[in-house]
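Dear colleague,

I am handing over the structure we spoke about, and below it you will find notes on what came out of going through it. Please read them alongside the sequence.

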Amino acid sequence: MAEAYIVGAVRTPVGTKKGALKDVHPADLGAHVLKEVVNRTGVDPSAVEDVIMGCVMQAGPQALDIARTAWLSAGLPESVPGVTIDRQCGSSQQAIHFAAQGVLSGTQDVVVASGVEHMAKVPMGSSIVAGLDFPYGEGWGERYGRQEISQFRGAELMAEKWGFTREDLEKFALESHKRAAKAIEAGYFDREIAPLAGLSKDEGARPDTTLEKMAGLKTLREGGVITAAVSSQISIGASAVLIASEEAVKQHNLTPRARIHTLAITGSDPVYMLTGPIPATEKALSKAGLKIDDIDVFEVNEAFAPVPMAWAHDTGASLDKTNPNGGAIATGHPLGATGGILMTKLLHELERTGGRYGLQTMCEGGGQANATIIERL
Ligand SMILES: CC(C)(COP(=O)(O)OP(=O)(O)OC[C@H]1O[C@@H](n2cnc3c(N)ncnc32)[C@H](O)[C@@H]1OP(=O)(O)O)[C@@H](O)C(=O)NCCC(=O)NCCS
């Protein structure tokens, strides 16, 4: 059986919408992590067979196949192609899956999986309004009607279905901030972050937030429970993960740090939109022949607090092992980049703690989720 190894994983610090990265061009953000993953692993860049980059809002400065633009902007060889993909919030986790599948199939030996999103320069929704019609046509209308399809509604529906109160969500968010503040202070992310524009730490963390402050915020919709404090932030960032075959590891003298153990992807109700991590985790564990308690660290994207909370409730996963250094509520969610950011965090946390198995999962627009299990070496 062929193996696909993670030999490098790096990310930018995650910037806030008006912070240090606001003027960095998205292609330069992407270029930064691509250059870093090449330099840090020591791989011959001309041996890279493809650069797969997740990016959700492929408009304006993120248009025209930003994987290609970013690689060329980094000064890397013109002979290496690039492709940009969209699986919504899980785009760069999907890039990791595609890269691993290329290697596992024996058709490629060295592939970069990456992601980028500048949510200030290309705001959410930019690609929706770029055309002459909206994404949902007749067939969709016949199947789902004209009800609102949005992540904000999905988050409210989940909170209601699982019975989470606003205070439950705020307690979860507070813990995310506490964990992130501790990890930043202790320097846990320093090895994985490639500083940029004078920024070396995740910018969105609010070490001084409290339940009282959160309770004072307005809900996003009347009668709802979702506020800015229990939502992921609007962010700027990029990530890159280098995946290589056994043969490439030997040939290029690379150091395998983890192996790709199991890949799973599922669809779920597109109206609830955000419940996919539950079936995706179940599918990944079943394919892997592992139990939930066999996993040492989970990274479950905190798109909104009800997502990891419902996931933990239904899968039986321990919240102590989930997002141990905080998540997107505390440090942000630059859409297309987050899949690679979570993988970078997962790998480094397994290395820091000596854990064996890590599982990453994320909710995605359209009602989908990827789940990836890695085994640290
Ligand atoms: C929720 C959302 C709409 C809020 O946007 P916003 O209003 O621009 O957010 P801000 O960060 O400015 O926060 C709003 C206010 O809450 C405050 N706030 C946010 N989190 C807080 C916390 N933990 N503690 C205290 N105050 C907090 C901010 O300081 C700000 O206050 P101000 O208006 O006095 O400056 C936006 O973050 C969002 O869209 N998130 C989801 C992104 C998304 O959908 N991603 C895809 C996932 S499926």
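Arg257 sits in the loop that links helix H8 (246–251) with strand S7 (258–267), where helices (H or I, at least four residues) and strands (E, at least two) are DSSP runs, numbered from the N terminus. Please keep in mind that this is a predicted model, in which local features need pLDDT of at least 70 and side-chain atom pairs count only at pLDDT 80 or more, while totals for chains, interfaces and linings use all residues. Residues are numbered from 1 along each chain as its sequence is written.

Leaving aside residues up to four places away in sequence, Arg257 touches Ile6, Val7, Leu347, Glu351, Arg376 and Leu377, contact meaning that the C-beta atoms, placed from the backbone, lie within 7 Å. Val7 is 250 residues from Arg257 along the chain, yet their C-alpha atoms are separated by 5.5 Å.

The record gives "domain: Thiolase N-terminal" for residues 5–247, a span that is 35% helix and 16% strand, with its end C-alpha atoms 11 Å apart.

Turning to strand S3 (residues 50–54), four of its five residues are buried, so the strand is largely enclosed by the rest of the structure. S3 runs parallel to strand S5 (residues 110–118), joined by five bridges, and Met53 has Ser114 of S5 as its bridge partner; strands are taken to pair if DSSP finds at least two bridges between them. S3 also runs parallel to strand S4 (residues 82–85), through four bridges, with Val51 partnered by Gly82 of S4. From S3 the chain passes through helix H2 (residues 66–73) to S4 in a right-handed β-α-β crossover, that is, with the strands pointing away from the viewer, the path from the first strand over the helix to the second runs clockwise.

With best wishes

Conventions: Two residues are in contact if their C-beta atoms, placed from the backbone, lie within 7 Å. A residue is buried if 20 or more other C-beta atoms lie within 10 Å of its own, exposed if 12 or fewer, and partly exposed in between; C-beta atoms are placed from the backbone. UniProt positions are given in the numbering used here, feature names are shortened, and annotations may be inferred rather than shown by experiment.
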